[in-house]
Amino acid sequence: PYITVSYGSGLFENSCKVTVEDFNGVSVTSIHLEDEQLTLGVGEKIRLNAVVLPSNASDQRVSYSTSNANVASVTSDGQVKAIGVGEAVITVSSVSNPNLTDTCKVTVKAAVPTGLQLKASDTLNAMSDGDEKLAISGVIYSDGSIKTDNLPDTVEFATDNKKVLVVKADGTMVPVGVGTATVTATATVDGKKISGEAEIQVTATATYNLLQLYRDQKCATSGTSKAEEGKNTTDGEFLKLYGNAAGNEISFNLGNIDAGKYQVTLYTKFGSAKYPYGVWTLKMDGKTLKEDINFTDNGVWKSVDLGEVILTDGNNHTFTFVSKDGGTLVPGTVTLTRIGGENPDLKAAEAVDKLIEAIGTVTKDSGDAIKAARTAYDNLTDVQKLMVEKLDVLTAAEEAYQKLQAGTSKPGTSGGS
């Protein structure tokens, strides 16, 4: 035969004579399935792996078939799915020589547990939410069903980001930082170890209602300044501040706030040309956030970005309005959003991790270092202990040291890094 190549409308053309000689390929001599028998629960899937010999056979293609599609189905690439209770035989055949086969006996039983369904909030607020308990709401089975009458009594919890969230043994989640953490619950159901996951977004925002703080007697005035409640059909209930003279202050006690860096936002009403408000300077713990803000604009409520502030740990953080001209103001809320800073619990846990890491290779002289790390760990709070990353390393070091003291082991590392 000839192969002809042309270009364009056939104006240029060339041909080449091709001669095909006898092709002696490498024949398949056997075919083997790695699994001779399987037991699956209804709904479970598994992929069979067929080995064609010799490995350099020219035609490696295989085909699959099932003896009972109502029990187990199989795809062209060997994926078996359990359909119904019973037995089926999956056969694999060589495409080039269908007489070469192998089989796998599949026994299908009732659906088996494959996972845990978790119930938890998608987001937690480290500054305002109380600790929430992660709950097991169901057991997921291989057929897709979810049962609630077979919940495990014992569950182990873990988190992939201890700088954001830790989980107590009873499933209580304790937010410790800002970010995302995946919580995993593991349990044994019907003799099978299964797990489930939940992704939790942790924020750190606290909003303080100034009217409520005033009602709770957490408002203090200086000089002739004053604060009063008001109410109208437009704004509902509100708090009105009266400077009455330049330099007068009105302060609100926000209470305990963890140390860190915070973004501060004031939500307030602005005065109008007809009903103007005053000019005020805003402070946090005596530090100026924004100076001389004119709160007269268009008579609407809006947020004012006051910038960032670094707070030290304490019980009496204050937010203060300082009058510039003796005017008035109708503020609503102050919001603090943590954007940085060390968590004291995390700092304590990291200090213990450093002591554990300092143990290094365990020798007969490691006793003091191991004892120091263990003592520091034992002195942590329960939450701080959950934040320690290298507890398993400390435990391994203690076991290695005991063996050395007994003369049954050679020096070695405590493991981990």
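Me: Which residue forms a salt bridge with Lys192?
Reply: Lys192 pairs with Glu44, and their closest N and O atoms are 3.2 Å apart. Lys192 is in strand 21 (residues 192-203), while Glu44 is in the loop between strand 4 (37-41) and strand 5 (45-47), so this pair links distant parts of the chain, 148 residues apart. A salt bridge here is a side-chain nitrogen of Lys or Arg within 4 Å of a carboxyl oxygen of Asp or Glu.

Me: Where do these numbers come from?
Reply: This is a predicted model, where local features need pLDDT of at least 70, side-chain atom pairs count only at pLDDT 80 or more, and totals for chains, interfaces and linings use all residues. Residues are numbered from 1 along each chain as its sequence is written, and side-chain values use heavy atoms, with hydrogens and water left out.

Me: And what counts as a strand or a helix?
Reply: Both are DSSP runs numbered from the N terminus: helices are H or I with at least four residues, strands are E with at least two.

Me: Back to that pair. Is Glu44 buried or exposed?
Reply: Glu44 counts as buried, because its relative accessibility is 18%. Lys192 counts as partly exposed at 31%. The cut-offs are under 20% relative accessible area for buried, over 50% for exposed and partly exposed in between, with a 1.4 Å probe and protein chains only.

Me: How many salt bridges does the structure hold?
Reply: It holds 15. One of them joins Lys133 and Asp170, with the closest N and O atoms 3.7 Å apart. That pair also links distant parts of the chain: Lys133 is in strand 14 (residues 132-133) and Asp170 in the loop between strand 18 (165-167) and strand 19 (172-175), 37 residues apart. Lys133 is partly exposed, with a relative accessible area of 49%, and Asp170 is partly exposed too, at 43%.

Me: Which side chain meets Glu350 in a salt bridge?
Reply: That would be Lys163, at 3.9 Å from N to O. Glu350 lies in helix 2 (residues 344-357) and Lys163 in the loop between strand 17 and strand 18, so the pair ties together parts that are 187 residues apart in sequence. Glu350 is partly exposed at 31% relative accessibility.

Me: Which residues do shared partners join into one network?
Reply: Arg215, Glu229 and Glu237 are joined by salt bridges that share partners.

Me: OK, new topic. How many aromatic pairs are there?
Reply: There are five. One of them is Trp280 with Phe321, which is edge-to-face, at 6.2 Å centre to centre and 90° between the planes. Trp280 sits in strand 28 (residues 279-284) and Phe321 in strand 31 (residues 314-323), so the pair ties together parts 41 residues apart in sequence. Both residues are buried.

Me: What does edge-to-face need?
Reply: Rings of Phe, Tyr and Trp (its six-membered ring) pair if their centres lie within 6.5 Å; planes under 30 degrees apart count as stacked, over 60 as edge-to-face and the rest as tilted.

Me: Why is the pair of Phe319 and Phe321 edge-to-face?
Reply: Their ring centres are 5.2 Å apart and their planes are at 75°, so they get that label. Phe319 is buried, like Phe321. Ring pairs link Phe252, Trp280, Phe319 and Phe321 into a cluster.

Me: What is the phi of Asn244?
Reply: Asn244 has a positive phi of about 65°, although it is not a glycine. Asn244 is in the loop between strand 25 (236-242) and strand 26 (249-257), and is partly exposed with a relative accessible area of 42%.

Me: And where is Asp292 found?
Reply: Asp292 is in strand 29 (residues 287-294). Asp292 also has a positive phi, about 50°, although it is not a glycine. At 38% relative accessibility, Asp292 counts as partly exposed.

Me: Last one: where does Asp149 have its place?
Reply: Asp149 is in the loop between strand 16 (146-147) and strand 17 (156-159). Asp149 counts as exposed because its relative accessibility is 69%. From Val139, Asp149 is 10 residues away in sequence and 8.5 Å away in space, C-alpha to C-alpha.
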